Amino acid sequence: MTAVRVRLPQHLRTLANVSGEVELDIGDAPTLGGVLDALEARHPVLRGTMRDHSTRRRRPFVRFFAGEDDISHAPADALLPADVVDGRAPLSVVGAMAGG
C-alpha cells in the first residue's frame, strides 16, 4: 500500500472536519482518480465538491497539484508522480480564482 498526503483548502477541511493534511492509503498504482475515490470514501461530505457526481470530471475552478506541477488536466487513471507516491510532496487541491 502507498500512503499519499492530500492538502485540502480551508473550506474543504472545515467541511470534512479535518485539520492539516489527510493521509490516505492507496493501492500499489496510485492515480488521481484513486486518491479522490479514497478521499470521498473516508469523508463522504466531500462527494461532489471536487468533481461532478455523474460525470466524475473535475469541477470548474478546482485544480490539483502534485508538488508544484498542475495535474488538473491529466487523465484520472494516470499514475501520480513519484514524489507524491513516496510522500516527499503532497497532492494539493486548490480552489482557483477567476478574474484579475
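Two strands count as paired here if DSSP finds at least two bridges between them, and on that basis this predicted model contains an open sheet of 5 strands in the order E2-E1-E5-E3-E4, with mixed pairing. Strand E2 (22-26) and strand E4 (69-70) stand at the edges with a single partner strand each, so one side of each is left without a neighbour in the sheet. Helix H2, residues 32-42, packs on this sheet and touches E1, E2, strand E3 (62-66) and E5, while its direction makes about 115 degrees with that of E2.

**Pairing within the sheet**

Strands of a sheet pair through backbone hydrogen bonds, and they may do so in parallel or antiparallel fashion. Strand E1, residues 2-7, runs parallel to strand E5, residues 91-95, and is joined to it by 2 bridges; Arg7 has Ser92 of E5 as its bridge partner. Strand E3 runs antiparallel to E5, with 5 bridges between them, and here Val62 has Gly95 of E5 as its bridge partner. On E4, too, E3 has an antiparallel partner, joined to it by 2 bridges, and Phe65 stands opposite Asp70 of E4. The hairpin formed by E3 and E4 has 2 residues between the strands, and in this hairpin Gly67 takes a positive phi near 65 degrees.

In a regular strand the side chains alternate between the two faces of the sheet. In E3, the covered face consists of Val62, Phe64 and Ala66, whereas Arg63 and Phe65 belong to the uncovered one.

| Residue | Relative accessible area | Class |
|---|---|---|
| Gly34 | 24% | partly exposed |
| Glu40 | 7% | buried |
| Asn17 | 71% | exposed |
| Arg56 | 43% | partly exposed |

When its neighbours within four places in sequence are left aside, Glu40 is in contact with Leu46, Arg47, Gly48, Arg51 and Arg56.

Arg56, one of these contacts of Glu40, lies in the loop between H2 and E3. The phi of Arg56 is near 60 degrees, a positive value in a residue other than glycine. Asn17 likewise is not a glycine, yet has a positive phi of about 60 degrees; Asn17 lies in the loop between helix H1 (10-16) and E2. Asn17 counts as exposed because its relative accessibility of 71% is over the 50% cut-off.

**The largest pocket**

Rolling a probe the size of a water molecule over the atoms shows where empty space is left. The largest pocket in the model holds about 220 Å³ of space, and 13 residues line it, of which Arg56, Arg57, Arg58, Ala74 and Ala76 are the closest to its centre. Helix H2 gives the most to the lining of this pocket, with 3 residues. By residue type, the lining divides into 6 nonpolar, 3 polar and 4 charged residues.

Key: Residues are numbered from 1 along each chain as its sequence is written. This is a predicted model: local features need pLDDT of at least 70, side-chain atom pairs count only at pLDDT 80 or more; totals for chains, interfaces and linings use all residues. Side-chain values use heavy atoms; hydrogens and water are left out. Helices (H or I, at least four residues) and strands (E, at least two) are DSSP runs, numbered from the N terminus. Contact means heavy atoms within 4.5 Å. Axes are lines fitted to C-alpha atoms, for helices over the stretch in contact, and angles run from 0 to 180 degrees between N-to-C directions. Buried means under 20% relative accessible area, exposed over 50%, partly exposed in between (1.4 Å probe, protein chains only). On a 1 Å grid over the protein atoms alone, a cavity is a set of points where a 1.4 Å probe fits but cannot get out, and a pocket is an open set with protein on both sides within 12 Å along at least five of seven lines; lining residues have an atom within 4 Å of a point. Grid points are joined across faces, edges and corners, and a volume is the space filled by probe spheres set on the points. Ala, Val, Leu, Ile, Met, Phe, Trp, Tyr, Cys and Pro count as nonpolar, Asp, Glu, Lys and Arg as charged, and the others, Gly among them, as polar.
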